[in-house]
Amino acid sequence: ATGKRYHAGNFLFLLLQEHDDPRWLTYRQARDAGAEVRRGERGMPVVYWIFEEEQGGELVELERPHSLVTYVFNAEQIEGMPAFVPDAEHIPDVERAEKLLAASGARIVSHGRASPYYRQDQDVILLPGKECFPDGKAYYATALHELLHWTGHSSRLNRKCGPFGSPDYASEELRAGIGSRLLAAELGIGMSVDRHDGYARIWVELLKKDSRELYRAAAEAEEMAAYVLGLAE
């Protein structure tokens, strides 16, 4: 109804529903559009944070923000919705991905067929050659995944990243994985899923200790993706 994209945790949880249609509406928004949620369909909760409210005719920042939960339905759950027509942002944009890499100024070194990774101590991204990937989309999806790690350097967003296999390393990979999905939605180039299965056990342990970690990861991932997308501006 508004054309706005959901953010952070809301974006992630709606994405995990795996609908082909990216549009979500509240029950009232569907009715206002002349459509109707099908009987028996279940909505998904989304959380809005309220940071300010009107007091005496003026917007005043709240000392303690509070949240509001509402439920939304995917367009596939709604009768009478017009067909979804993908716009330009859903068409693979390899050219834009190349411009983002170039604008970053990141040092990218080709190292044969070895696995891609970012070395924070040397501030360098090591990538297999383009010929090692099935197509340009796969190459840029991987390159941008490593560029998300690159944003964590102390001269940029300054994130902590421990040695390979550590909880801190897995936490960083969780953020880069979510960030890759955000970039995939923006650029339509797909995402790198290399080695994610190896981190799943540690991610489960992280979430068992603190279920809010996923919300924090999603929020930081959004910041990382915004940093990358802003490089060409």
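Is Ser171 buried or exposed? Ser171 is buried, because its relative accessible area is 13%, and buried here means under 20%, exposed over 50%, and partly exposed in between, with a 1.4 Å probe and protein chains only.

Before going on, a word on the model. It is a predicted one, in which local features need pLDDT of at least 70 and side-chain atom pairs count only at pLDDT 80 or more, while totals for chains, interfaces and linings use all residues. Residues are numbered from 1 along each chain as its sequence is written, and side-chain values use heavy atoms, with hydrogens and water left out.

Back to Ser171. Ser171 sits in helix α5, residues 167-187; helices are DSSP runs of H or I with at least four residues, strands are runs of E with at least two, and both are numbered from the N terminus. Setting aside neighbours within four places in sequence, Ser171 touches Leu206 and Glu213, where contact means heavy atoms within 4.5 Å.

Next, the charged pairs. Across the whole structure there are 16 salt bridges, each defined as a side-chain nitrogen of Lys or Arg within 4 Å of a carboxyl oxygen of Asp or Glu. One of them joins Arg159 to Glu172, with the closest N and O atoms 2.8 Å apart. That pair links distant parts of the chain: Arg159 is in the loop between α4 (136-150) and α5, Glu172 is in helix α5, and they are 13 residues apart. Both Arg159 and Glu172 are buried.

Within it, Arg216 and Asp210 meet at 2.5 Å, N to O. Arg216 counts as partly exposed because its relative accessible area is 37%.

A further salt bridge joins Glu36 and Arg31 at 3.4 Å, N to O. Glu36 is partly exposed at 33% relative accessibility, and Arg31 is partly exposed at 46%.

Last, a sheet. Three strands form an open sheet in the order β6-β8-β7, with mixed pairing; two strands pair if DSSP finds at least two bridges between them. The edge strands, β6 (107-110) and β7 (117-119), each pair on one side only. Strand β8 covers residues 124-127 and pairs with β6 in the parallel sense over 4 bridges. Arg107 has Val124 in β8 as its bridge partner.

Helix α4 lies across β7 and β8, running at about 155° to β8. Axes are lines fitted to C-alpha atoms, for helices over the stretch in contact, and angles run from 0 to 180 degrees between N-to-C directions.
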